[in-house]
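Have the 3D view open and follow along, topic by topic.

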Amino acid sequence: MIDIKRKEDCCGCNACGDVCPKGCITFKIDNEGFWYPEVDMDTCIDCHLCEKVCPILQPADKVERYDEPRVFAAYSKDDSIRTDSTSGGIHSMLANAMYAKNAYVGGAVYNEDHTVSQIVDANPQRLEEIRSSKYLQSNAEGVYKEIKKLLRVGKEVFFCGCPCQVQALYKVLGNKEYDNLTTCDFICRGVNSPKVFIKYMDMLERQFGAKATKIKFKAKEWGWHNFSMRVNFANGQEYCKDRYHDLFFIGYLQANLLTRPSCYECHFKGFPQKADITLADFLI
Ligand SMILES: Cc1cc2nc3c(=O)[nH]c(=O)nc-3n(C[C@H](O)[C@H](O)[C@H](O)COP(=O)(O)OP(=O)(O)OC[C@H]3O[C@@H](n4cnc5c(N)ncnc54)[C@H](O)[C@@H]3O)c2cc1C
Ligand code: SF4
Ligand code: SF4
Ligand code: SF4
């Protein structure tokens, strides 16, 4: 069974929890705010499924992709989608094309408590929540199992997540390619501590005296290159600071303090990526 000796050797993808036939894996949060699997030895039957599915122990090597990527530069011509997206809004354009085929779209959404989870849903109304980067780790518990079920009954699925989550999905699917699955990831600088983000949001909510209602990393108020953190509050107030003055961005991009240990030794970077499509910022 899974036994994490070095924190760098677990990216927190949650795949092991999704495949355990006895439900004996739970995810425990450490002092930095990152979750790691813990096995209940009383119920574990030593079937090794959790090890087989772990994308760090055994990468999704059987999923074949181009050695060299085919590269396109593009952006959405829909101003409202592009402005609300982290980069050029291509993800939303792809998602809209998939909803039009009645597909299920998977991505990351904020929860009430300012944590982030991966979901999969066929309702296009959820695209606004799914859209845009949340620079903290998203909890993917249950989503791989759900996607497997959808694929098996013939539903079309478009799943977007971190490269490690996409590999985890292929591992849960037994490295099997489904014609009704399209995957998408992004060039990934690493995910930050959900605990630090909750504390940061607590601080802002105390300062502004109200609950946050909308959070936008890399808001484009002062241009895309100057990306800013914008938070709107229930009392109508707004917080907006650029990457050089916002505490969370300083901790992430300047001080490099908030990222998960496994991201500093990422196993999922470089080519070939396993996702069908890899999105990234295109700087000119
Ligand atoms: C943690 C993180 C690090 C990144 N690092 C880089 C980088 O170093 N260089 C670079 O060029 N681009 C990076 N990106 C990608 C970039 O921010 C844009 O998301 C990407 O270019 C697509 O932009 P878009 O406008 O098409 O779509 P967007 O509207 O940004 O949507 C992208 C998709 O990513 C999903 N997503 C958002 N946050 C998470 C999360 N925490 N976990 C899993 N899925 C998530 C969304 O749900 C959506 O499906 C990063 C993204 C994230 C989430
Ligand atoms: S070995 Fe099998 S039963 Fe034990 S934790 Fe892993 S998946 Fe669960
Ligand atoms: S499957 Fe994912 S969460 Fe489980 S041990 Fe491996 S990397 Fe960690
Ligand atoms: S940097 Fe690597 S390990 Fe970290 S979230 Fe991104 S893909 Fe996963």
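Predicted model: local features only at pLDDT ≥ 70, side-chain atom pairs only at ≥ 80, totals over all residues.

The chain folds into nine helices and eleven strands. Its radius of gyration is 19 Å, close to the 19 Å that the globule rule gives for 284 residues, so the chain is as compact as a globular protein of that length.

**The chain as a whole**

- Along its principal axes, the C-alpha trace spans about 55 × 40 × 35 Å.
- Of the 284 residues in the chain, 37% are buried.

**Around the ligands**

- Ligand 2 is surrounded by 13 residues, and the closest are Met1, Cys20, Cys44, Cys47 and Cys50.
- The shell of ligand 2 divides into ten nonpolar, one polar and two charged residues.
- Ligand 3 also has 13 residues around it, with Cys10, Cys13, Ala15, Cys16 and Cys54 coming nearest.
- In the shell of ligand 3, eleven residues are nonpolar, two are polar and none is charged.
- Around ligand 4 you will find several cysteines, including Cys11, Cys162, Cys164 and Cys188; Arg260, Ser262 and Phe268 are also among the residues there.
- Nine nonpolar, two polar and one charged residues make up the shell of ligand 4.

**Helix α8, face by face**

- Helix α8 covers residues 194-208, and at 1.5 Å a residue its 15 residues should span 21 Å; the end C-alpha atoms are 21 Å apart, which agrees.
- Which residues of α8 are buried? They are Pro194, Phe197 and Tyr200.
- Seen down the axis of α8, these buried residues fall within an arc of 120°, so they line one face of the helix.
- As background, an α-helix has 3.6 residues a turn, so residues three or four places apart point the same way.
- The buried residues of α8 pack against α9 (247-254), while Asp202, Met203 and Arg206 are exposed on the other side.

**Asp18, a buried residue in a helix**

- Asp18 sits in helix α1 (residues 15-19).
- Is Asp18 buried or exposed? Asp18 counts as buried because it has 24 C-beta neighbours inside 10 Å, and the cut-off for that label is 20 or more.
- Beyond its neighbours within four places in sequence, Asp18 contacts Gly142, Tyr144, Lys145 and Val172.
- Asp18 and Gly142 are 124 residues apart along the chain, yet their C-alpha atoms are separated by 5.8 Å.

**Backbone details to look at**

- For orientation, most residues other than glycine have a negative phi, and most peptide bonds are trans.
- His114 has a positive phi, near 70°, and is not a glycine.
- His114 lies in the loop between β3 (104-110) and β4 (116-121), and is buried, with 21 other C-beta atoms within 10 Å.
- Asn175, again not a glycine, has a positive phi of about 60°.
- Asn175 is in the loop between α7 (163-172) and β7 (181-186); with 16 C-beta neighbours inside 10 Å, Asn175 counts as partly exposed.
- Phe271 and Pro272 are joined by a cis peptide bond, with omega about -5°.
- Pro272 belongs to the loop between α9 and β11 (277-279).

Technical notes. Residues numbered from 1 in each chain as written. Chains lettered and ligands numbered in written order. Near = placed C-beta within 6 Å. Nonpolar A, V, L, I, M, F, W, Y, C, P; charged D, E, K, R; others polar. Helix = DSSP H or I, 4+ residues; strand = E, 2+ residues; numbered from the N terminus. Rg over C-alpha atoms; globule rule 2.2 N^0.38 Å. Buried ≥ 20, exposed ≤ 12 C-beta atoms within 10 Å, placed from the backbone. Expected span 1.5 Å × (residues − 1). Arc of directions from axis to C-beta. Contact = placed C-beta atoms within 7 Å.
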